[in-house]
Amino acid sequence: PWLFGQAWSNYVDVASYPENLDFSNDTGQVLLRQAQLRYTMPYKGFIYSFSLENPEADFIDTTGGKRTDGQDSMPDITARILYKRTWGHVSLQSVYRNLTVNDGTFKDSTNGFGLGISGKIKIFNRDQLRFHLTAGEGTNNLSIDTQKAWGGYIGYQHWLTENVRSNFNLGYLNVDWNEPLLVQSVSDKQNKYIKSYHANIIWRLLPQVDLGIEISKAEREQVNGAKGDINRLQMSAKYKF
């Protein structure tokens, strides 16, 4: 029941990831592999797991850049409950963090936390619904007070034929910045929200070979109101070893 070493964070539900050709995947996705100590225990139809994980807090200073004087004094603590059946699974995960900054003259610390729910559910035949929603509080760049952020994704996979499947995925991320306290240099760099959309068709040419084509679009708005978007068309070929 023990895991020691580098692996997906206990907060990550890889099985709920939507299928995209785009390696950057969906906005709102939790994507983290790190060193950890984890214990997993099945009990009364559920699977419980707890971990101590390598802490890597990010801090932003008044210029909008990352500070290098973060002080991680204790590991991240996570807990997860997984309910798995023939129809799929649902997972509830949480994380607690201690966040400290110390530049030699100024030192302050606060707590951060996150809570997420995710899953993969069979709809009918081979179709699947995959989803994730997460929310929590992290650090504010000026006073190390916590700020809220939330995001997630939802994806639907439909099999057109025995060997052809399609995926339609939406992702969203929102950061609730304390805007009255932000200087212009921070407002010009930080995103207020990001949205992404993916649609693809994948053909299983051979048992080990997939060919795919995908269109995607992403939008963002910065704290200062500036907006941008990107449109992408891509194709892929994958051989499974």
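Phe-46 counts as partly exposed, at 31% relative accessibility; here buried means under 20% relative accessible area, exposed over 50%, and partly exposed in between (1.4 Å probe, protein chains only). The model is predicted, so that local features need pLDDT of at least 70 and side-chain atom pairs count only at pLDDT 80 or more, whereas totals for chains, interfaces and linings use all residues. Residues are numbered from 1 along each chain as its sequence is written, and side-chain values use heavy atoms, with hydrogens and water left out.

**Overall architecture and the surface patch**

The protein chain has 1 helix and 12 strands, and its elements run β-β-β-β-β-β-β-β-β-α-β-β-β from the N terminus on. Helices (H or I, at least four residues) and strands (E, at least two) are DSSP runs, numbered from the N terminus. Of the 241 residues in the protein chain, 40% are buried.

Phe-46 lies in strand β3 (residues 46-53). Together with Ile-81, Leu-92, Leu-115, Ile-117, Leu-133 and Trp-150, Phe-46 makes a nonpolar surface patch of about 600 Å². Patches are made of residues with over 30% relative accessible area and no salt bridge; like charges are joined within 9 Å and nonpolar side chains (Val, Leu, Ile, Met, Phe, Trp, Tyr) within 5 Å. Accessible areas come from the Shrake-Rupley method with a 1.4 Å probe, and for residues only the protein chains shown count as cover.

**Salt bridges**

A salt bridge is a side-chain nitrogen of Lys or Arg within 4 Å of a carboxyl oxygen of Asp or Glu. By this rule the count comes to 10 salt bridges. Three of them are listed below.

| Salt bridge | Closest N to O distance |
|---|---|
| Arg-165 and Asp-210 | 2.9 Å |
| Arg-204 and Asp-210 | 3.6 Å |

Asp-76 is buried at 7% relative accessibility, whereas Arg-97 is partly exposed at 22%.

The salt bridge between Arg-165 and Asp-210 links distant parts of the chain, with Arg-165 in strand β9 (residues 164-175) and Asp-210 in strand β11 (residues 209-222), 45 residues apart. Arg-165 is buried, with a relative accessible area of 3%, and Asp-210 is also buried, at 4%. Arg-204, which forms a salt bridge with Asp-210, is partly exposed, with a relative accessible area of 24%. A network of salt bridges links Glu-19, Arg-165, Arg-204, Asp-210 and Lys-240.

**The second largest pocket**

The second largest pocket has a volume of about 260 Å³. On a 1 Å grid over the protein atoms alone, a pocket is an open set of points where a 1.4 Å probe fits, with protein on both sides within 12 Å along at least five of seven lines; lining residues have an atom within 4 Å of a point. Grid points are joined across faces, edges and corners, and a volume is the space filled by probe spheres set on the points.

The lining of the second largest pocket has 18 residues, of which Glu-19, Asn-20, Leu-21, Ile-202 and Lys-238 lie nearest its centre. The elements giving two or more residues to this lining are β11 and β12 (227-239), and β11 gives the most, with 3 residues.
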